Amino acid sequence: MQDPNADTEWNDILRKKGILPPKEKPEDEEEEDLSLQQQSVVKTYESMTLDELDENEDEFSEEDEAAIEMYRQKRLAEWKATQIKNVFGELGEISGQDYVKEVNKAGEGIWVVLHLYKQGIPLCTLINQHLFELARKFPQTKFLKSISTTCIPNYPDRNLPTIFVYNEGEMKAQFIGPLVFGGMNLKVEELEWRLSESGAIKTDLEENPKKQIEDKLMTSIRCSLPTKKDSDSDDD
């Protein structure tokens, strides 16, 4: 009896006429097709982030799930490796020669806080102390300092302190001059809040600490003001 799966011209004619069923694929070919299918699915979703994969999970078919799960685990491993690699935890010092490498090309997803300062300016010294604390508290953010004129030639002292915030080579925020920082009364929590508003760090502060100080000050002023009754008594 002739093998219906044999590759003969006669069998091909019989298959076209529906007399013979379609040729059965060997197991190794079926596995190869499944692998190609999974790779195709992965390619479709390879541009998605982990959050996007979770959001679109309901749209995946059963055939997609194995490939998507494989891809999710791969992306998760890459993300963890990046997190381990991108731990800074200190306030680094750079010169103008380091600017492009350390700031503009810091890496994908890396936030950079750069303080331009000069020795002998008290507010610059205070901000460096605050940034030293914040660098330890937020190790995923790169905190840097640089003497202003070695980083930017002829940078005016009247603009100091200056803080630039970068992400992936783009400047996201800038704080220039002593008035922006509120002078020597600047608290580390206030600076933390400012940087969190720029996106450089994720703070656990629930509101601007400077607002709390202002609210307390206004309450104190109101309490110290004489009431109308007190004013009438004085008049008598």
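Modeller: A disulfide here is a pair of cysteine sulfur atoms within 2.5 Å. Searching the whole structure turns up zero disulfides.

Biologist: What kind of model is it?
Modeller: The model is predicted: local features need pLDDT of at least 70, side-chain atom pairs count only at pLDDT 80 or more, and totals for chains, interfaces and linings use all residues. Residues are numbered from 1 along each chain as its sequence is written, and side-chain values use heavy atoms, leaving out hydrogens and water.

Biologist: Is Cys-124 buried or exposed?
Modeller: Buried, because its relative accessible area is 1%. Buried means under 20% relative accessible area, exposed over 50%, and partly exposed in between (1.4 Å probe, protein chains only).

Biologist: And how does Cys-151 count?
Modeller: Cys-151 counts as buried too, at 11%.

Biologist: New topic. Where is Thr-162 found?
Modeller: In strand β4, residues 162–167. Helices (H or I, at least four residues) and strands (E, at least two) are DSSP runs, numbered from the N terminus. Thr-162 is buried, at 0%.

Biologist: What does Thr-162 touch?
Modeller: Its contacts include Leu-114, Tyr-155 and Phe-175, not counting residues up to four places away in sequence. Contact means heavy atoms within 4.5 Å.

Biologist: What about the backbone?
Modeller: Most residues other than glycine have a negative phi, and most peptide bonds are trans. A cis peptide bond joins Leu-160 and Pro-161, with omega about -5°.

Biologist: What is the phi of Asn-154?
Modeller: Positive, about 65°, although Asn-154 is not a glycine. Asn-154 is in the loop between α7 and β4, and counts as exposed at 71%.
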